[in-house]
Amino acid sequence: MPYPSPPRIPSGPRVRRRTLLASAAGAALLAGCTSGADSGGDGPSATERARAQAAADSATLLGRYDAVLKAFPDLAERLRPLRTEVAAHAAAFQEGTTPTATPSGSPSASLSPPASPTPVPATAKDALASLAAAERALADRRAKALLDMPGESARLLAATAAAGAAHAYLLTTGAAK
């Protein structure tokens, strides 16, 4: 049984024109994907802004942990591992952002707690509940924000949202002792 011959590919100006038009259309699509309002050189991209916000949120949460630890030193053994993770989250988010001006010029200076921290509740139980609520609220915000983030930033937000939910659980149960 003879095999049919392959179809003849036309050559000439028509093919070159089609190829050129297809290439131009492809280039326009690629350019459209990368040259939006967020990728201009005027300022940080939406991803950088979101990462900077996440770093600031982690720094704020870090300040809350520090305030509770200062007010209730007997909670140090329970809170220190969680605080260490929150500090690592802040540092991880800062890795992908453009450094901002800090008083000392070091990137870790922006990990310091905010100027006006949230007041610490009067009892250790209430302080733990307050930290748990802050962790839960931040985890919820990050879970919603990751839907609009690309690749690695979305994975980082997802991981820190999951960690925040776990922290909230550990803070509301006796399991973190």
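## Basis of the model

Residue numbers start from 1 in each chain and follow the sequence as written. In this predicted model, local features need pLDDT of at least 70 and side-chain atom pairs count only at pLDDT 80 or more, while totals for chains, interfaces and linings use all residues; side-chain values use heavy atoms, with hydrogens and water left out.

## Overall content

The chain has five helices and zero strands, and its pattern along the sequence is α-α-α-α-α. Helices (H or I, at least four residues) and strands (E, at least two) are DSSP runs, numbered from the N terminus.

Of the 177 residues, 28% count as buried. Buried stands for under 20% relative accessible area, exposed for over 50%, and partly exposed for what lies in between (1.4 Å probe, protein chains only). The chain exposes about 11400 Å², with 62% of this area supplied by carbon and sulfur atoms; accessible areas come from the Shrake-Rupley method with a 1.4 Å probe, and for residues only the protein chains shown count as cover. Among contacts (heavy atoms within 4.5 Å) between residues at least 6 apart in sequence, 74% join residues at least 24 apart.

## Helix H2 with helix H5

Two packed helices are described by the angle between their axes and the distance between the axes. Axes are lines fitted to C-alpha atoms, for helices over the stretch in contact, and angles run from 0 to 180 degrees between N-to-C directions. Helix H2 (residues 46-71) packs on helix H5 (residues 151-172) at an angle of about 20 degrees, and their axes are 11 Å apart. H2 is therefore roughly parallel to H5; angles under 35 degrees count as roughly parallel, over 145 as roughly antiparallel, 65 to 115 as roughly perpendicular and the rest as oblique.

H2 passes H5 in a left-handed crossing, a term for a near helix turned anticlockwise from the far one by less than a right angle (right-handed if clockwise). On the H2 side the contact is made by Thr47, Arg51, Ala54 and Tyr65, and on the H5 side by Ser153, Leu156, Leu157, His167 and Leu171. By class, the contact of H2 with H5 has five nonpolar, three polar and one charged residues. Ala, Val, Leu, Ile, Met, Phe, Trp, Tyr, Cys and Pro count as nonpolar, Asp, Glu, Lys and Arg as charged, and the others, Gly among them, as polar.

The axes of H4 and H5 come within 8 Å and cross at roughly 160 degrees, so the two helices are roughly antiparallel to each other. Their crossing is left-handed. From H4, the residues that meet H5 are Leu128, Leu131, Ala132, Glu135, Arg136, Ala139, Arg142, Ala143 and Ala145; from H5, they are Leu157, Thr160, Ala161, Gly164, Ala165, His167, Ala168, Leu171 and Thr172. The contact of H4 with H5 has eleven nonpolar, four polar and three charged residues.

H3 and H4 pack at an angle of about 30 degrees, with 13 Å between their axes. H3 is therefore roughly parallel to H4. H3 passes H4 in a left-handed crossing. Arg78, Leu79, Val86, His89 and Phe93 of H3 make the contact with Leu128, Leu131, Glu135 and Arg142 of H4. The residues of this contact divide into five nonpolar, one polar and three charged.

His89 lies in helix H3 (residues 76-95) and is buried, with a relative accessible area of 14%. Not counting residues up to four places away in sequence, His89 touches Ser58, Arg142, Thr160, Ala163 and His167.

Thr160, in helix H5, counts as buried at 3% relative accessibility. Leaving aside neighbours within four places in sequence, Thr160 is in contact with His89, Phe93 and Arg142. Thr160 and Arg142 are 18 residues apart along the chain, and their C-alpha atoms are separated by 7.7 Å.

Ala124 is found in helix H4 (residues 124-145) and counts as partly exposed at 22% relative accessibility. Apart from neighbours within four places in sequence, Ala124 is in contact with Phe72 and Leu75. Ala124 and Val68 are 56 residues apart in sequence and 8.2 Å apart in space, C-alpha to C-alpha.

Ala137 also has its place in helix H4. With a relative accessible area of 35%, Ala137 is partly exposed. Between Ala137 and Ala161, 24 residues apart in sequence, the C-alpha to C-alpha distance is 9.6 Å.
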